[in-house]
Amino acid sequence: MVDVVADLLADPATAPSGSDAPSTYRQHLAYGPTGIALLHIERAAAGASSWQRAHDWLAAATRKSFTSGPDSHPFYGAPALAHALACAAEHLPGAYQRARGLLDRQMSADVRRRLTAANRRIDAGRLPELAEFDTIRGLVGYGAYFLRHDPTGADLRAILDYCVRLAEPITHEGEVLPGWWTPTGPSGRPDNRYPGGHANSGMAHGIGGALALLALAARRGITVGGHREALRAILAWLDRWQDETGPGLAWPYWVTRDELRTGRLAPSVPRRPSWCYGTVGIGRARQLAALALGDVDRQVEAEAALMAALTDPSQLKATTDNGLCHGFAGLAHVAARTADDAHPSTAGQLRAAISPLLTAVCPPGTDPEDAARAVIQDEEAGPGFLNGAAGMALALLAPATTAPPLSAWDACLLIA
(Lines give C-alpha, C1' and ligand atoms only; values in the text may rest on other atoms or scores of the structure.)
Protein backbone atom coordinates (compact mmCIF):
# COMPACT_ATOMS: atom_id res chain seq x y z
CA MET A 1 0.00 0.00 0.00
CA VAL A 2 2.81 2.45 0.91
CA ASP A 3 4.66 1.75 -2.33
CA VAL A 4 1.50 2.20 -4.40
CA VAL A 5 0.63 5.52 -2.77
CA ALA A 6 4.18 6.77 -3.25
CA ASP A 7 4.18 5.75 -6.91
CA LEU A 8 0.79 7.34 -7.58
CA LEU A 9 2.08 10.54 -5.97
CA ALA A 10 5.53 10.33 -7.54
CA ASP A 11 5.28 13.42 -9.76
CA PRO A 12 3.32 16.53 -8.77
CA ALA A 13 2.64 17.23 -12.43
CA THR A 14 0.84 13.94 -13.03
CA ALA A 15 -0.34 12.81 -9.58
CA PRO A 16 -4.07 12.12 -9.30
CA SER A 17 -6.00 14.30 -6.89
CA GLY A 18 -9.37 14.50 -5.24
CA SER A 19 -11.81 17.30 -5.89
CA ASP A 20 -10.48 20.70 -6.88
CA ALA A 21 -8.44 21.89 -3.91
CA PRO A 22 -8.55 25.49 -2.70
CA SER A 23 -5.49 27.52 -3.66
CA THR A 24 -4.59 27.91 0.02
CA TYR A 25 -3.87 24.18 0.23
CA ARG A 26 -0.53 24.77 -1.54
CA GLN A 27 0.84 26.24 1.68
CA HIS A 28 -0.84 23.82 4.08
CA LEU A 29 1.11 20.94 5.61
CA ALA A 30 -2.12 19.04 6.20
CA TYR A 31 -3.35 19.06 2.59
CA GLY A 32 -0.68 20.43 0.25
CA PRO A 33 2.58 19.44 -1.43
CA THR A 34 4.77 19.96 1.66
CA GLY A 35 2.87 17.18 3.42
CA ILE A 36 3.15 14.88 0.41
CA ALA A 37 6.88 15.66 0.27
CA LEU A 38 7.21 14.17 3.78
CA LEU A 39 6.27 10.74 2.41
CA HIS A 40 8.99 10.90 -0.22
CA ILE A 41 11.52 12.31 2.28
CA GLU A 42 10.93 9.40 4.67
CA ARG A 43 11.18 6.80 1.89
CA ALA A 44 14.33 8.40 0.48
CA ALA A 45 15.91 8.48 3.95
CA ALA A 46 15.20 4.74 4.19
CA GLY A 47 16.69 4.07 0.74
CA ALA A 48 13.32 3.05 -0.69
CA SER A 49 13.06 5.89 -3.20
CA SER A 50 15.04 8.68 -4.83
CA TRP A 51 15.48 12.12 -3.30
CA GLN A 52 14.32 13.58 -6.61
CA ARG A 53 10.68 12.83 -5.80
CA ALA A 54 10.92 14.76 -2.53
CA HIS A 55 12.66 17.64 -4.26
CA ASP A 56 10.02 17.77 -7.00
CA TRP A 57 7.23 18.14 -4.44
CA LEU A 58 9.14 20.79 -2.49
CA ALA A 59 9.78 22.63 -5.75
CA ALA A 60 6.08 22.43 -6.61
CA ALA A 61 5.25 23.93 -3.24
CA THR A 62 7.64 26.85 -3.62
CA ARG A 63 6.87 28.07 -7.13
CA LYS A 64 5.06 30.93 -5.43
CA SER A 65 6.00 32.72 -2.23
CA PHE A 66 4.99 31.40 1.17
CA THR A 67 3.02 33.32 3.79
CA SER A 68 4.90 34.33 6.92
CA GLY A 69 4.16 36.50 9.91
CA PRO A 70 0.75 36.72 11.63
CA ASP A 71 -1.09 34.88 8.86
CA SER A 72 1.13 31.78 9.11
CA HIS A 73 1.20 29.02 11.70
CA PRO A 74 2.98 25.66 12.24
CA PHE A 75 0.80 23.88 9.66
CA TYR A 76 0.46 26.78 7.21
CA GLY A 77 2.88 28.95 5.29
CA ALA A 78 6.57 29.34 6.07
CA PRO A 79 6.58 27.12 9.21
CA ALA A 80 5.01 24.22 7.31
CA LEU A 81 7.69 24.50 4.63
CA ALA A 82 10.38 24.72 7.32
CA HIS A 83 9.29 21.41 8.82
CA ALA A 84 9.50 19.59 5.49
CA LEU A 85 12.87 21.14 4.59
CA ALA A 86 14.30 20.30 8.01
CA CYS A 87 13.21 16.66 7.70
CA ALA A 88 15.05 16.42 4.38
CA ALA A 89 18.11 18.41 5.40
CA GLU A 90 18.93 16.05 8.27
CA HIS A 91 19.82 13.47 5.60
CA LEU A 92 21.25 15.87 3.01
CA PRO A 93 23.96 17.92 4.77
CA GLY A 94 24.09 21.44 3.38
CA ALA A 95 20.84 21.10 1.42
CA TYR A 96 18.27 23.89 1.64
CA GLN A 97 20.62 25.74 4.00
CA ARG A 98 19.86 29.27 2.84
CA ALA A 99 16.10 28.68 2.75
CA ARG A 100 16.13 27.12 6.21
CA GLY A 101 18.06 30.05 7.63
CA LEU A 102 15.52 32.51 6.27
CA LEU A 103 12.59 30.46 7.52
CA ASP A 104 14.07 29.94 10.98
CA ARG A 105 14.67 33.66 11.41
CA GLN A 106 11.12 34.43 10.35
CA MET A 107 9.72 31.79 12.71
CA SER A 108 11.80 33.13 15.57
CA ALA A 109 10.40 36.61 14.98
CA ASP A 110 6.86 35.18 14.84
CA VAL A 111 7.39 33.32 18.11
CA ARG A 112 8.66 36.43 19.87
CA ARG A 113 5.64 38.40 18.67
CA ARG A 114 3.22 35.66 19.70
CA LEU A 115 4.85 35.22 23.10
CA THR A 116 4.71 38.94 23.82
CA ALA A 117 0.98 38.99 23.09
CA ALA A 118 0.35 35.78 25.06
CA ASN A 119 2.21 36.91 28.16
CA ARG A 120 0.44 40.27 28.10
CA ARG A 121 -2.86 38.41 27.87
CA ILE A 122 -1.98 36.26 30.89
CA ASP A 123 -0.85 39.33 32.84
CA ALA A 124 -4.21 40.96 32.10
CA GLY A 125 -6.15 37.90 33.32
CA ARG A 126 -7.82 37.25 29.96
CA LEU A 127 -8.63 33.82 28.56
CA PRO A 128 -6.64 32.45 25.58
CA GLU A 129 -7.86 31.57 22.14
CA LEU A 130 -7.10 28.02 20.97
CA ALA A 131 -4.88 29.38 18.20
CA GLU A 132 -2.63 31.03 20.80
CA PHE A 133 -1.31 27.74 22.11
CA ASP A 134 -2.42 24.68 20.15
CA THR A 135 -0.29 22.23 18.16
CA ILE A 136 -1.71 23.02 14.73
CA ARG A 137 -1.81 26.82 14.88
CA GLY A 138 -0.14 27.95 18.06
CA LEU A 139 2.94 28.20 20.24
CA VAL A 140 2.99 24.50 21.11
CA GLY A 141 3.35 23.72 17.41
CA TYR A 142 6.29 26.13 17.14
CA GLY A 143 7.74 24.43 20.20
CA ALA A 144 7.57 21.07 18.43
CA TYR A 145 9.69 22.48 15.60
CA PHE A 146 12.32 24.11 17.80
CA LEU A 147 12.55 21.10 20.12
CA ARG A 148 13.57 18.98 17.15
CA HIS A 149 15.69 21.45 15.20
CA ASP A 150 17.07 23.97 17.75
CA PRO A 151 16.74 22.33 21.18
CA THR A 152 19.31 24.56 22.89
CA GLY A 153 17.91 27.82 21.52
CA ALA A 154 16.20 30.63 23.36
CA ASP A 155 12.95 30.23 21.40
CA LEU A 156 12.23 26.78 22.80
CA ARG A 157 12.95 27.84 26.37
CA ALA A 158 10.65 30.85 26.00
CA ILE A 159 7.86 28.61 24.69
CA LEU A 160 8.36 26.19 27.57
CA ASP A 161 8.17 29.11 30.02
CA TYR A 162 4.88 30.06 28.40
CA CYS A 163 3.55 26.49 28.69
CA VAL A 164 4.34 26.59 32.41
CA ARG A 165 2.28 29.78 32.72
CA LEU A 166 -0.51 28.24 30.64
CA ALA A 167 -0.76 25.38 33.15
CA GLU A 168 -1.42 27.77 36.02
CA PRO A 169 -5.06 28.48 37.03
CA ILE A 170 -6.66 31.75 36.03
CA THR A 171 -9.49 33.60 37.75
CA HIS A 172 -12.01 34.87 35.25
CA GLU A 173 -15.24 36.63 36.22
CA GLY A 174 -14.82 35.35 39.77
CA GLU A 175 -14.40 31.70 38.75
CA VAL A 176 -11.15 29.74 38.93
CA LEU A 177 -10.44 28.05 35.58
CA PRO A 178 -7.50 26.13 34.13
CA GLY A 179 -5.13 28.47 32.31
CA TRP A 180 -5.98 26.98 28.92
CA TRP A 181 -9.74 27.59 29.25
CA THR A 182 -10.96 29.24 26.06
CA PRO A 183 -14.05 31.44 25.69
CA THR A 184 -15.11 29.82 22.39
CA GLY A 185 -16.25 26.44 21.11
CA PRO A 186 -13.82 23.74 19.89
CA SER A 187 -13.82 25.32 16.41
CA GLY A 188 -12.15 28.39 17.88
CA ARG A 189 -15.21 30.49 17.09
CA PRO A 190 -18.04 31.65 19.38
CA ASP A 191 -20.57 28.85 19.71
CA ASN A 192 -23.93 28.94 21.51
CA ARG A 193 -23.52 25.23 22.29
CA TYR A 194 -20.58 26.12 24.56
CA PRO A 195 -21.77 28.98 26.77
CA GLY A 196 -18.86 30.04 28.90
CA GLY A 197 -16.33 28.29 26.65
CA HIS A 198 -14.49 25.04 27.30
CA ALA A 199 -11.22 23.36 28.29
CA ASN A 200 -9.91 21.38 25.34
CA SER A 201 -8.09 18.11 26.08
CA GLY A 202 -6.86 17.16 22.61
CA MET A 203 -3.39 16.82 21.12
CA ALA A 204 -4.26 18.93 18.08
CA HIS A 205 -6.09 21.81 19.74
CA GLY A 206 -5.91 21.31 23.48
CA ILE A 207 -3.74 20.91 26.54
CA GLY A 208 -2.66 17.43 25.43
CA GLY A 209 -0.21 19.03 23.03
CA ALA A 210 1.32 21.24 25.73
CA LEU A 211 1.64 18.21 28.03
CA ALA A 212 3.46 16.28 25.29
CA LEU A 213 5.81 19.19 24.51
CA LEU A 214 6.75 19.67 28.17
CA ALA A 215 7.25 15.91 28.55
CA LEU A 216 9.37 15.48 25.42
CA ALA A 217 11.56 18.43 26.40
CA ALA A 218 12.06 17.08 29.92
CA ARG A 219 12.99 13.66 28.54
CA ARG A 220 15.74 15.41 26.56
CA GLY A 221 16.98 17.15 29.69
CA ILE A 222 15.54 20.53 28.71
CA THR A 223 13.57 22.11 31.55
CA VAL A 224 12.62 25.56 32.78
CA GLY A 225 11.40 26.87 36.13
CA GLY A 226 8.15 25.20 37.19
CA HIS A 227 8.45 22.60 34.42
CA ARG A 228 7.65 19.49 36.44
CA GLU A 229 4.98 21.32 38.43
CA ALA A 230 3.28 22.17 35.14
CA LEU A 231 3.40 18.53 34.05
CA ARG A 232 1.81 17.48 37.31
CA ALA A 233 -0.87 20.19 37.13
CA ILE A 234 -2.00 19.11 33.66
CA LEU A 235 -1.96 15.46 34.68
CA ALA A 236 -4.03 16.28 37.76
CA TRP A 237 -6.66 17.98 35.57
CA LEU A 238 -6.84 14.95 33.29
CA ASP A 239 -7.01 12.69 36.35
CA ARG A 240 -9.97 14.71 37.58
CA TRP A 241 -11.88 14.25 34.32
CA GLN A 242 -10.94 10.72 33.35
CA ASP A 243 -13.84 8.37 32.78
CA GLU A 244 -14.36 4.61 32.90
CA THR A 245 -15.46 3.32 29.49
CA GLY A 246 -15.83 -0.33 30.45
CA PRO A 247 -12.59 -1.70 29.03
CA GLY A 248 -10.45 1.08 30.49
CA LEU A 249 -9.90 4.75 31.19
CA ALA A 250 -10.80 7.43 28.66
CA TRP A 251 -10.60 11.21 28.55
CA PRO A 252 -13.18 13.65 27.21
CA TYR A 253 -12.47 15.72 24.12
CA TRP A 254 -13.22 18.78 26.26
CA VAL A 255 -14.89 19.97 29.47
CA THR A 256 -17.70 22.56 29.27
CA ARG A 257 -18.59 25.25 31.79
CA ASP A 258 -21.69 23.34 32.89
CA GLU A 259 -19.61 20.20 33.46
CA LEU A 260 -17.04 22.19 35.39
CA ARG A 261 -19.73 23.63 37.67
CA THR A 262 -21.49 20.32 38.30
CA GLY A 263 -18.28 18.31 38.51
CA ARG A 264 -19.71 15.65 36.19
CA LEU A 265 -19.23 14.88 32.52
CA ALA A 266 -22.37 14.82 30.41
CA PRO A 267 -23.29 11.36 29.08
CA SER A 268 -21.84 10.72 25.63
CA VAL A 269 -21.61 7.98 23.03
CA PRO A 270 -18.25 6.23 22.45
CA ARG A 271 -15.94 8.43 20.38
CA ARG A 272 -13.05 7.55 18.11
CA PRO A 273 -9.78 7.28 20.08
CA SER A 274 -7.72 9.34 17.65
CA TRP A 275 -4.45 11.29 17.72
CA CYS A 276 -6.15 14.67 17.40
CA TYR A 277 -8.69 14.01 20.17
CA GLY A 278 -9.37 11.08 22.40
CA THR A 279 -7.67 8.41 24.43
CA VAL A 280 -4.91 7.37 22.02
CA GLY A 281 -3.41 10.84 21.65
CA ILE A 282 -3.92 11.79 25.29
CA GLY A 283 -2.72 8.38 26.42
CA ARG A 284 0.56 8.87 24.54
CA ALA A 285 1.00 12.35 26.06
CA ARG A 286 0.35 10.93 29.54
CA GLN A 287 2.83 8.12 28.95
CA LEU A 288 5.48 10.63 27.89
CA ALA A 289 4.77 12.77 30.96
CA ALA A 290 5.03 9.73 33.23
CA LEU A 291 8.35 8.79 31.66
CA ALA A 292 9.61 12.34 32.16
CA LEU A 293 8.59 12.24 35.84
CA GLY A 294 9.80 8.69 36.44
CA ASP A 295 6.28 7.62 37.49
CA VAL A 296 6.05 3.93 36.53
CA ASP A 297 2.53 3.43 37.88
CA ARG A 298 1.17 6.33 35.83
CA GLN A 299 3.08 5.10 32.78
CA VAL A 300 1.53 1.65 32.96
CA GLU A 301 -1.91 3.19 33.54
CA ALA A 302 -1.57 5.35 30.41
CA GLU A 303 -0.39 2.43 28.30
CA ALA A 304 -3.23 0.23 29.54
CA ALA A 305 -5.77 2.95 28.70
CA LEU A 306 -4.35 3.32 25.20
CA MET A 307 -4.37 -0.44 24.68
CA ALA A 308 -7.96 -0.71 25.87
CA ALA A 309 -9.02 2.01 23.43
CA LEU A 310 -7.30 0.22 20.55
CA THR A 311 -9.19 -2.99 21.26
CA ASP A 312 -12.59 -1.60 22.30
CA PRO A 313 -15.13 -2.46 19.56
CA SER A 314 -17.34 0.52 20.41
CA GLN A 315 -14.49 3.03 20.05
CA LEU A 316 -13.11 1.37 16.93
CA LYS A 317 -16.60 1.40 15.40
CA ALA A 318 -16.53 5.20 15.71
CA THR A 319 -13.32 5.24 13.64
CA THR A 320 -14.48 5.52 10.05
CA ASP A 321 -11.41 6.31 7.92
CA ASN A 322 -7.81 5.22 7.43
CA GLY A 323 -6.01 8.54 7.78
CA LEU A 324 -3.30 9.76 10.11
CA CYS A 325 -5.26 12.31 12.13
CA HIS A 326 -8.19 10.19 13.28
CA GLY A 327 -8.12 6.97 11.26
CA PHE A 328 -6.83 3.42 11.61
CA ALA A 329 -3.37 4.14 10.17
CA GLY A 330 -2.89 6.94 12.68
CA LEU A 331 -3.94 4.66 15.54
CA ALA A 332 -1.41 2.07 14.40
CA HIS A 333 1.36 4.67 14.21
CA VAL A 334 0.73 6.09 17.68
CA ALA A 335 0.49 2.54 19.05
CA ALA A 336 3.88 1.70 17.55
CA ARG A 337 5.49 4.84 18.97
CA THR A 338 3.94 4.12 22.37
CA ALA A 339 5.10 0.51 22.31
CA ASP A 340 8.69 1.65 21.63
CA ASP A 341 8.73 3.30 25.08
CA ALA A 342 6.35 0.96 26.90
CA HIS A 343 6.89 -0.85 30.15
CA PRO A 344 7.75 -4.55 29.64
CA SER A 345 4.39 -5.51 31.16
CA THR A 346 2.43 -3.75 28.40
CA ALA A 347 4.77 -3.49 25.38
CA GLY A 348 3.87 -6.89 23.95
CA GLN A 349 0.14 -6.30 24.27
CA LEU A 350 0.44 -2.93 22.56
CA ARG A 351 2.30 -4.46 19.65
CA ALA A 352 -0.30 -7.22 19.40
CA ALA A 353 -3.00 -4.57 19.00
CA ILE A 354 -1.29 -3.12 15.91
CA SER A 355 -1.91 -5.98 13.47
CA PRO A 356 -5.73 -5.69 13.51
CA LEU A 357 -5.39 -1.94 12.89
CA LEU A 358 -3.25 -2.58 9.81
CA THR A 359 -5.78 -5.15 8.64
CA ALA A 360 -8.52 -2.54 8.98
CA VAL A 361 -6.57 -0.27 6.62
CA CYS A 362 -6.00 -2.95 4.02
CA PRO A 363 -8.24 -6.01 4.58
CA PRO A 364 -7.30 -9.34 2.96
CA GLY A 365 -8.20 -9.38 -0.71
CA THR A 366 -7.92 -5.60 -1.10
CA ASP A 367 -6.21 -4.41 -4.25
CA PRO A 368 -3.65 -1.85 -2.99
CA GLU A 369 -3.86 0.33 -6.11
CA ASP A 370 -7.65 0.48 -6.03
CA ALA A 371 -7.58 1.31 -2.32
CA ALA A 372 -4.90 3.97 -2.73
CA ARG A 373 -6.70 5.64 -5.64
CA ALA A 374 -9.94 5.63 -3.67
CA VAL A 375 -8.30 7.56 -0.82
CA ILE A 376 -6.54 10.02 -3.14
CA GLN A 377 -9.73 10.78 -5.06
CA ASP A 378 -11.98 10.93 -2.01
CA GLU A 379 -13.30 14.44 -1.38
CA GLU A 380 -12.78 14.17 2.38
CA ALA A 381 -9.36 12.49 2.28
CA GLY A 382 -7.41 13.36 -0.88
CA PRO A 383 -3.68 12.98 -1.44
CA GLY A 384 -2.49 15.01 1.55
CA PHE A 385 -0.82 14.45 4.91
CA LEU A 386 -3.22 14.86 7.81
CA ASN A 387 -6.32 13.06 6.50
CA GLY A 388 -5.23 11.73 3.14
CA ALA A 389 -3.16 9.16 1.31
CA ALA A 390 0.33 10.52 2.02
CA GLY A 391 -0.26 10.61 5.77
CA MET A 392 -1.89 7.19 5.70
CA ALA A 393 1.15 5.74 3.93
CA LEU A 394 3.57 7.41 6.35
CA ALA A 395 1.60 6.15 9.33
CA LEU A 396 1.79 2.57 8.05
CA LEU A 397 5.58 2.48 7.85
CA ALA A 398 6.62 2.29 11.51
CA PRO A 399 3.91 -0.23 12.54
CA ALA A 400 4.64 -2.47 9.55
CA THR A 401 8.44 -2.37 9.81
CA THR A 402 8.84 -1.95 13.61
CA ALA A 403 11.41 0.76 12.82
CA PRO A 404 10.86 4.36 13.97
CA PRO A 405 10.78 7.13 11.35
CA LEU A 406 14.18 8.19 10.06
CA SER A 407 13.20 11.72 9.06
CA ALA A 408 11.28 12.72 12.22
CA TRP A 409 8.30 13.58 10.03
CA ASP A 410 5.98 12.98 13.00
CA ALA A 411 7.73 15.54 15.23
CA CYS A 412 4.95 17.95 14.26
CA LEU A 413 2.46 15.62 16.01
CA LEU A 414 4.37 15.68 19.32
CA ILE A 415 4.21 11.92 19.79
CA ALA A 416 8.00 11.42 19.72
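I began with the lining of the second largest pocket: strand E4 (243-244), strand E6 (254-256) and helix H14 (313-317) each supply at least two residues to it. Helices (H or I, at least four residues) and strands (E, at least two) are DSSP runs, numbered from the N terminus. I note that the model is predicted, that local features need pLDDT of at least 70 and side-chain atom pairs pLDDT 80 or more, while totals for chains, interfaces and linings use all residues. Residues are numbered from 1 along each chain as its sequence is written, and side-chain values use heavy atoms, with hydrogens and water left out.

**Entry 1, the pocket.** I read a volume of about 540 Å³ for the second largest pocket. The lining has 26 residues, and Pro252, Ala266, Ser268, Val269 and Arg271 are the closest to the pocket centre. On a 1 Å grid over the protein atoms alone, a pocket is an open set of points with protein on both sides within 12 Å along at least five of seven lines, a cavity is a set where a 1.4 Å probe fits but cannot get out, and lining residues have an atom within 4 Å of a point. Grid points are joined across faces, edges and corners, and a volume is the space filled by probe spheres set on the points. I sorted the pocket lining by class and got 12 nonpolar, seven polar and seven charged residues. Ala, Val, Leu, Ile, Met, Phe, Trp, Tyr, Cys and Pro count as nonpolar, Asp, Glu, Lys and Arg as charged, and the others, Gly among them, as polar.

**Entry 2, the cavities.** I found two cavities of 30 Å³ or more. The largest cavity holds about 110 Å³ of space. Its lining has 13 residues, with Pro74, His83, Gly141, Tyr145 and Cys412 nearest the centre. Helix H4 (78-89) and helix H7 (139-149) are the elements that give two or more residues to this lining, and H7 has the largest share, four residues. By class I have 10 nonpolar, three polar and no charged residues for the largest cavity.

The second largest cavity holds about 60 Å³. I list Ala144, Leu147, Arg148, Leu216, Arg220, Ala411, Leu414 and Ala416 as its lining. H7 again gives the largest share, here three residues. The lining divides into six nonpolar, no polar and two charged residues.

I placed Ile41 in helix H2 (residues 33-45). Ile41 is buried because its relative accessible area is 0%; buried means under 20%, exposed over 50%, partly exposed in between (1.4 Å probe, protein chains only). Leaving out residues up to four places away in sequence, Ile41 touches Trp51, Ala54, Ala84, Cys87, Ala88 and Ser407, where contact means heavy atoms within 4.5 Å.

I then looked at Thr171, which sits in strand E1 (residues 170-172). Thr171 counts as exposed because its relative accessibility is 51%. Thr171 and Arg126 are 45 residues apart in sequence and 8.8 Å apart in space, C-alpha to C-alpha.

The axes of helix H16 (residues 344-361) and helix H18 (residues 389-401) come within 11 Å and cross at roughly 145°. Axes are lines fitted to C-alpha atoms, for helices over the stretch in contact, and angles run from 0 to 180 degrees between N-to-C directions. I noted the contact residues as Ile354, Leu358 and Val361 of H16 with Met392, Leu396, Pro399 and Ala400 of H18. These divide into seven nonpolar, no polar and no charged.
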